[in-house]
Amino acid sequence: MRIYRTDAFPLPLPPGHRFPAEKYRLLAERVATFAPEWMETAPAATRHELLHAHSPAYVDAVLSGSLDSRAQREIGLPWSPELAERSCRSVGATIAASRAALLEDCGVNLAGGTHHAAAARGSGFCVFNDVAVAAMLMLAEARARSVLVVDLDVHQGDGTAAIAAGEPRIFTFSIHGARNYPFDRTDSDWDIDLPDGTGDDAYLDALQGALPELFARARPDLVYYLAGADPYHGDRLGRLALSRQGLARRDRMVMEACRGQDAALVVCMAGGYAVPITDTVTIQVETVRLACEIFGAIPTNPACR
């Protein structure tokens, strides 16, 4: 398997900005302690690749720095050349992970999962929609025939749903907080809304009940898993109440379902805003470690079962 990192490309933010950009470096450093030989620097997505999911006017505005102030406010990140580069690298990581997964069963992006970006706008800390671009590209290149998006970030995947709405070969699924961002949503093919305070048992029951039907309906040969750490009870933007153990069980359910259905898997980290941010990093480290174990890159650790 291959693991793609973007942390070499800095994201300059004003002092006190609430987006925890440092989590990507911390995550990569910890993954490098157990899987360094599978790690690679993410390539940059090209303009041509970005156009598979985004409008030319929007792509050019991001790349040239002509986004207006309103568009930047909606994204929540100030434009800079570094932001444009980092955004292209994040999409490139998911594209590269897709190609690796289709050859080797699994690929990981240590960033990505930017599911609020729509075709002609960014939103919610998401500039480009890496999963939508990669999925559309894999279909266009005939590398995949049917794609399933399993979005388990705590926020509904509105941008992915909007981009994929006209593509019957992509099935979008999202489990998220019912009363959380975004408040003006585009329906996925299947959405499960959960009340504030939902804990491990109710969450995992919902997921376990959905997975067999998801694979029966989508029949995917490629699955994108947005393994958001923000359903964690300590996440400041989450409103759900999963434990670290519950999140690890969630990850195992999805990964073993893909393994059992012989579907290639791409794992993206998506959101995570715990206080301290090291809690988010620890959750995401265990997601990557589990992917390595299930797909054979490192020996199984019994303590993680």
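View 1. Strands here are DSSP runs of E with at least two residues, helices are runs of H or I with at least four, and both are numbered from the N terminus. A word on the source: this is a predicted model, where local features need pLDDT of at least 70 and side-chain atom pairs count only at pLDDT 80 or more, though totals for chains, interfaces and linings use all residues. Residues are numbered from 1 along each chain as its sequence is written, and side-chain values use heavy atoms, with hydrogens and water left out.

View 2. Look for histidine 176 opposite aspartate 193 in strand 6, and glycine 177 opposite leucine 194. Strand 4 (residues 147-151) also pairs with strand 5 in the parallel sense, over 5 bridges, and here valine 149 stands opposite threonine 172.

View 3. Zoom out and you get an open sheet of 8 strands with parallel pairing, in the order 2-1-3-8-7-4-5-6. Strand 2 (39-41) and strand 6 are the edge strands, each pairing on one side only. From one strand to the next, the twist averages 15 degrees.

**View 4. Helices lying across the sheet.** Helix 8 (residues 200-218) lies across strands 4, 5, 6 and 7 (222-226), at about 170 degrees to strand 5. Helix 10 lies across strand 1 (2-5), strand 3 (106-109) and strand 8 (264-268), running at about 165 degrees to strand 3. Angles run from 0 to 180 degrees between N-to-C directions, and axes are lines fitted to C-alpha atoms, for helices over the stretch in contact (heavy atoms within 4.5 Å).

**View 5. Helix 9 against helix 10.** Helix 9 (residues 244-260) and helix 10 (residues 277-294) pack at about 30 degrees, their axes 10 Å apart. That makes the two helices roughly parallel (under 35 degrees). Among the residues in contact are Leu247 and Met255 of helix 9 and Ile283 and Leu290 of helix 10.

Definitions and conventions
Parallel < 35°, antiparallel > 145°, perpendicular 65-115°, else oblique. Pairing = 2+ DSSP bridges.
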